[in-house]
Amino acid sequence: MTLIDKLKQRRSYREFETESLDIQLLIDAIEAAKYAPNGANKQPWTFCIVKDPKIKKEIRLESEKIETQFYKKITPDWKADLSHLDVNTSKPFLEEAPYLIVIFKHIFQYDEDNHQTKVYYPDISVGIATGMLISVLTDIGLDILTYTPSPNQFLSDILKRPGNEKPYLILVVGKGSKSYKLPKITKRSNEDVIKIY
Ligand SMILES: Cc1cc2nc3c(=O)[nH]c(=O)nc-3n(C[C@H](O)[C@H](O)[C@H](O)COP(=O)(O)O)c2cc1C
């Protein structure tokens with residue numbers, strides 16, 4: 001299969017096999033994502049690979065607490081938009097999957113004299129690097145979920161990240177469960193998405 005075919009078949013999994021996986025696969029994939037274009041080459045990102053079951057459990061428990069509040073506060077429209085995904089406050093995949101990659105965005109950095117320095121377009125830069133990472137993981141046959149608990153400050157606390165790094169998202173990585181029923185979705189047509197001038 002070509003990369004194009006693999007990307008066209010990529011789907012988000014919300015149930016994962018618990019089998020372990022060579023961590024080097026993830027390190028190699030992140031190494032490729034590091035080459036993403038980014039504002040002024042500041043490379044405003046940190047990728048934390050979480051494999052420790054105790055830390056995964058902590059992240060799951062905090063996420064589920066936050067999800068309970070989240071579902072209380074979102075609008076009926078938002079709830080309706082999520083209904084076809086069959087998602088709820090329970091997030092067992094955060095413990096089942098062999099790895100979580102918690103991605104952090106730098107809002108500033110430090111030079112060698114410990115002075116604060118600026119970063120440029122960190123959101124766009126980290127988004128592009130995350131997209132490249134998802135593409136490589138897909139290419140090597142792994143499945144992912146882009147999981148975005150909100151608020152997400154608890155991730156900085158659990159992983160003890162410095163104040164210049166803000167949580168961006170969690171990539172849940174592993175082999176998708178064979179019994180997971182993928183939500184039925186469609187993708188917009190080329191005609192609708194691509195405009196040639
Ligand atoms: C920025 C972003 C945030 C997302 N957050 C969540 C999430 O918190 N929980 C979840 O189950 N899926 C989440 N998703 C996955 C989307 O629901 C999914 O990509 C979309 O429904 C399309 O399905 P597909 O990925 O299978 O093509 C997120 C995706 C993106 C890009």
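## Basis of the model

This is a predicted model, in which local features need pLDDT of at least 70 and side-chain atom pairs count only at pLDDT 80 or more, while totals for chains, interfaces and linings use all residues. Residues are numbered from 1 along each chain as its sequence is written, and side-chain values use heavy atoms, with hydrogens and water left out.

## Aromatic pairs

A pair of aromatic rings is described by the distance of the centres and the angle of the planes. Here, rings of Phe, Tyr and Trp (its six-membered ring) pair if their centres lie within 6.5 Å; planes under 30 degrees apart count as stacked, over 60 as edge-to-face and the rest as tilted. By this rule the count comes to 6 aromatic pairs. F93 and Y147 form one of them, edge-to-face, at 5.5 Å centre to centre with 80 degrees between the planes. This pair links distant parts of the chain: F93 sits in helix α5 (residues 93-96) and Y147 in strand β5 (residues 143-147), 54 residues apart. Helices (H or I, at least four residues) and strands (E, at least two) are DSSP runs, numbered from the N terminus. F93 is buried at 4% relative accessibility, and Y147 is buried at 6%.

F108 and Y110 also pair edge-to-face, at 5.5 Å centre to centre and 80 degrees between the planes. F108 is buried, with a relative accessible area of 19%. Elsewhere, ring pairs link F70, Y71 and W78 into a cluster.

## Ligand site

The ligand is surrounded by R10, R11, S12, R14, L85, V87, L145, T146, Y147, T148, I185 and K187. Each has a heavy atom within 4 Å of the ligand. This shell divides into 5 nonpolar, 3 polar and 4 charged residues. Ala, Val, Leu, Ile, Met, Phe, Trp, Tyr, Cys and Pro count as nonpolar, Asp, Glu, Lys and Arg as charged, and the others, Gly among them, as polar.

A polar side-chain atom of S12 lies 2.5 Å from an oxygen atom of the ligand. For R14, a polar side-chain atom lies 2.6 Å from a ligand oxygen atom. T146 places a backbone N or O atom 3.2 Å from a nitrogen atom of the ligand. Taken alone, the ligand exposes 630 Å² (Shrake-Rupley method, 1.4 Å probe). The protein buries 67% of that.

## Paired strands

Strand β1 (residues 45-50) has 5 of its 6 residues buried, so it is largely enclosed by the rest of the structure. β1 pairs with strand β2 (residues 99-106) in the antiparallel sense over 6 bridges; pairing takes at least two DSSP bridges. I49 has I101 of β2 as its bridge partner, and T46 has F104 of β2.

In β2, 8 of the 8 residues are buried, so β2 is largely enclosed by the rest of the structure. In a regular strand the side chains alternate between the two faces of the sheet. Y99, I101, I103 and K105 point one way from β2, and L100, V102, F104 and H106 point the other way; all are buried. β2 also joins strand β6 (residues 165-174) through 8 bridges, and the two run antiparallel. K105 has K166 as its bridge partner in β6.

## A residue in helix α2

A29 lies in helix α2 (residues 23-33). A29 is buried, with a relative accessible area of 1%. A29 and L182 are 153 residues apart in sequence and 25 Å apart in space, C-alpha to C-alpha.

Methods. Buried means under 20% relative accessible area, exposed over 50%, partly exposed in between (1.4 Å probe, protein chains only). A polar contact is a pair of N or O atoms within 3.5 Å; within protein, one must be able to donate a hydrogen and the other to accept it, and residues adjacent in sequence count only if both atoms are side-chain atoms.
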